[in-house]
Amino acid sequence: MKLQASAQEKTQMGKSSKPFMEKVAIIGAGLGGLAVAIALRKWGYDVQVYEKAQDFRPVGGGLGLLPNGLNFLDAIEPGIVETIKKSGCEVRKSVLKNTQGETLRTNPASRFDDKYGQPLITVWWWRLQQIMASKLPSDSIHLNHRCIGFEQYDRHVSIYFDNGEKVSADLLIGGDGINSAIREALIGDGKPRYLGSMSWRTVIKCNQELLNPGELGFVKGNQEFMYLLNVGDGHISWLYRKLLPDCIVSQDAAEVKSRVLDQLADWGESLRSLVEATPAERILAGPICDRLPLKYWSQGRVTLLGDAAHPMAPAMAQGANSTFEDAYELAFCCSQASSIEEALATYEHRRIPRTQLMQTRSALGEMRYYTTDRETANQQIQEQSQMRSEEYQDWVFNYKPEVKFDYNYSSL
């Protein structure tokens with residue numbers, strides 16, 4: 001079976017009878033790589049995804065899917081948002097707690113649905129990866145393939161892997177995260193920038209009374225904070241961050257868990273018990289990093305997407321959501337263009353200015369977690385000359401695809 005656009009859309013987009021691109025190789029089977037693979041297959045391209053991991057293990061923390069990201073996911077794969085709702089948690093309330101686990105304030109989260117037409121959904125990263133992977137043929141995802149380089153030619157790009165394999169494609173997409181091998185070969189801008197904030201996170205299934213169904217919790221400490229996310233099926237994700245001058249991460253799982261518990265020594269038992277109940281090997285520790293915005297993401301037949309292109313601090317929860325925008329836009333640009341050069345130039349024109357602002361605001365937002373009320377007020381005054389917080393949220397969340405994909409299925 002080959003997936004083709006409807007006759008009306010092909011006329012609208014001016015698709016040529018002889019396509020300029022047939023085979024696409026994507027490095028990275030994270031959320032961005034899978035999303036763009038789904039989108040490109042809908043336009044009839046032969047898409048292969050290469051992932052360095054040996055298997056899809058249940059890893060990752062919880063994440064929030066916001067209206068803009070859901071708009072683009074729904075455009076890429078109609079119906080997937082409803083599936084995600086069933087697998088995760090549609091947030092109805094946000095709860096502010098103190099470090100003893102006591103509720104200080106509860107706010108409705110219905111404003112997302114009411115104002116932007118989509119809810120806030122919290123879901124386990126791994127479960128979302130599984131949902132998205134299920135939309136692709138199993139033989140199009142190649143595990144245990146670590147990319148070690150590529151070479152570009154006039155009509156193709158050759159991609160090399162550490163297992164000795166070599167593949168050829170018309171287009172190579174680097175969706176391999178903040179430490180992207182494709183970015184390093186393409187841009188060569190070194191290591192990510194540490195933002196001074198360390199992170200520990202996990203997903204566990206346990207009995208807890210901190211959160212009711214449909215709630216998202218936030219705990220504010222002294223230059224430290226914790227998010228509590230319901231992520232579906234009785235699982236809860238805790239994400240703890242602390243302002244620290246160094247970004248040293250122990251390789252010993254027991255030491256990692258002990259360090260978190262030491263930092264939470266003065267916190268209430270209900271919160272500490274979540275960490276105590278977590279198997280040490282399930283705690284993911286790492287620095288919060290980003291990179292400075294780029295002026296270009298592409299060279300020749302190679303381009304970047306998601307965290308490989310525009311890694312940002314998680315403060316605004318736009319890492320995954322902006323990546324789904326990328327996935328749709330890149331596939332859409334390829335469907336309209338008459339050459340790879342044109343497709344990638346249009347993709348960059350549509351995406352770079354938006355993600356540059358997201359990166360900048362996300363870095364500022366990360367530091368705001370650790371500021372005093374007075375410092376926050378001063379920052380807000382400074383923002384008056386730029387884009388106000390509410391205006392920025394509207395700009396982010398109201399973003400929608402120009403055209404919703406509409407596909408007919410026909411045999412070759």
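Rings of Phe, Tyr and Trp (its six-membered ring) count as a pair if their centres lie within 6.5 Å; planes under 30 degrees apart are stacked, over 60 edge-to-face, and the rest tilted. By that rule the structure holds 18 aromatic pairs. Keep in mind that this is a predicted model: local features need pLDDT of at least 70, side-chain atom pairs count only at pLDDT 80 or more, and totals for chains, interfaces and linings use all residues. Residues are numbered from 1 along each chain as its sequence is written, and side-chain values use heavy atoms, with hydrogens and water left out.

Take Phe112 and Phe397, an edge-to-face pair at 5.7 Å centre to centre with 65° between the planes. Phe112 sits in helix H5 (residues 111-116) and Phe397 in helix H13 (residues 389-397), so the pair ties together parts 285 residues apart in sequence. Helices here are DSSP runs (H or I, at least four residues) and strands likewise (E, at least two), numbered from the N terminus. Both Phe112 and Phe397 are buried, meaning under 20% relative accessible area, with exposed over 50% and partly exposed in between (1.4 Å probe, protein chains only).

Now for helix H9 (residues 269-276): its buried residues are Leu271, Arg272, Leu274 and Val275. Seen down the H9 axis, they fall within an arc of 145°, so they line one face of the helix; the arc is taken from the directions from the helix axis to the C-beta atoms. The buried residues of H9 pack against strands S14 (193-205), S15 (215-220), S16 (224-230) and S17 (235-243), and against helix H8 (253-263), where contact means heavy atoms within 4.5 Å.
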